[in-house]
Amino acid sequence: MKPLTPLFFFMALILFVGLACSALGGGAPAPTQPPPPTQPPVQIIPTESLPQQPTEVPPTEEPPTTEIVPPAPSTSEFFTEEFDTEASTNNWDSFTLGSGKDTNLVIKQESDHLLFDLGDEDLYVYYMYTPYEYDDVSVKLNAENRGRNNNNVSLVCRMNADGTQWYEFSVESGGLWYLYAIDGKYNTISNGGTQALKQGKEINEYAMICQGDDITMFINGQKLKTVTDKTYGFNSGLVGFNISSLNVLPITGEVNWLEIGQP
């Protein structure tokens, strides 16, 4: 038998040492791969909590339109009444004097004027503006004669609430004029005549200013006279006008406008 060679002896020694180490270490397990990363849990959100998709908003109905009715015109202290609507007569009142009957009297708003048809002789028709009483005031009237040339047109200022006292500037169709203070009867303060009046079926403008104790009268812009009254002293009241018949018919006239102003 051949003795072991040194090389064989060296390799056997290494193997012996290796087995001894394994026996002493208990045989550690082979390293393993790290576990894969875990995914975060999926959160389930209720449908009600999800943002809703915008939906089309139905068009809103427009509220029904309301017709705006302008307020009725209020009464005015100083103004021009043109008598061009039926409502323009709402603030006026009338009464009659004289021996004539008002059975056939016609006062009617017609087109752009106020029509008077007296219907009897010796009938004095007063037409008064009732909302205000005036002390110092100017009154102008534009009127057309459509009947016989035998009538009177008058302006009135300072008529008291009882209708028993007032000043009246009266013009006959022939051109004579009178200034009266009425206190139960017609008291003549002054009178005269004028050629400024257009006679017949014509249009004339009459004016009267009552200021303090003075009363000034005009026909078609021409001054007739200023009269100072120290006797009767009427100081405040209604204003208006008068159309009168005398002794012939028909007496028909149109009042186109009346102006109440400051003197």
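Which residues form one aromatic cluster? Select Phe 79, Phe 83, Trp 92, Phe 116, Tyr 127, Tyr 129 and Phe 241, and you have them on screen. We'll come back to that group in a moment.

**Before you start**

You're looking at a predicted model, where local features need pLDDT of at least 70, side-chain atom pairs count only at pLDDT 80 or more, and totals for chains, interfaces and linings use all residues. Residue numbers run from 1 along each chain as its sequence is written, and side-chain values use heavy atoms, with hydrogens and water left out.

**The whole protein**

Switch to a cartoon view: there is one helix, along with 15 strands. (These are DSSP runs numbered from the N terminus: H or I of at least four residues for helices, E of at least two for strands.) Of the 263 residues, 33% count as buried, meaning under 20% relative accessible area, while exposed is over 50% and partly exposed is in between, with a 1.4 Å probe and protein chains only. Now think about contacts, meaning heavy atoms within 4.5 Å. Among those with a separation of 6 or more, 66% are between residues 24 or more positions apart.

**Stop one: the aromatic rings**

Back to the rings. The whole structure has 20 aromatic pairs. Here, rings of Phe, Tyr and Trp (its six-membered ring) pair if their centres lie within 6.5 Å; planes under 30 degrees apart are stacked, over 60 edge-to-face, and the rest tilted. Zoom in on Trp 92 and Tyr 129, a tilted pair with 5.2 Å centre to centre and 55° between the planes. Trp 92 sits in strand β2 (residues 92–97) and Tyr 129 in strand β5 (residues 124–134), so this pair ties together parts that are 37 residues apart in sequence. Both Trp 92 and Tyr 129 are buried.

**Stop two: Asp 93**

Stay in strand β2 and pick Asp 93. Buried or partly exposed? Asp 93 is partly exposed, with a relative accessible area of 48%. Leave aside neighbours within four places in sequence, and Asp 93 is in contact with Tyr 126, Tyr 127, Met 128 and Thr 130. Draw a C-alpha to C-alpha line from Asp 93 to Thr 130: they are 6.8 Å apart in space and 37 residues apart in sequence.

**Stop three: the cavity**

How many cavities of 30 Å³ or more does the structure hold? There is one. A cavity is a set of points, on a 1 Å grid over the protein atoms alone, where a 1.4 Å probe fits but cannot get out; lining residues have an atom within 4 Å of a point. Grid points are joined across faces, edges and corners, and the volume is the space filled by probe spheres set on the points.

The largest cavity holds about 180 Å³ of space. To find its centre, select Glu 144, Asn 145, Asn 151, Val 153 and Tyr 206, the closest of the 21 lining residues. Then colour β6 (137–145), β7 (151–159), β8 (166–172), β11 (203–211) and β15 (252–261), which each supply at least two residues of the lining.

**Stop four: Ser 173**

Next, select Ser 173, in the loop between β8 and β9 (176–182). Ser 173 is buried, with a relative accessible area of 10%. Beyond its neighbours within four places in sequence, Ser 173 is in contact with Asn 149, Asn 150, Asn 151, Leu 197 and Gln 199.

**Last stop: Asp 214**

Finish in strand β12 (residues 214–219), where you'll find Asp 214. Asp 214 is partly exposed, with a relative accessible area of 31%.

Terms used. On a 1 Å grid over the protein atoms alone, a cavity is a set of points where a 1.4 Å probe fits but cannot get out, and a pocket is an open set with protein on both sides within 12 Å along at least five of seven lines; lining residues have an atom within 4 Å of a point.
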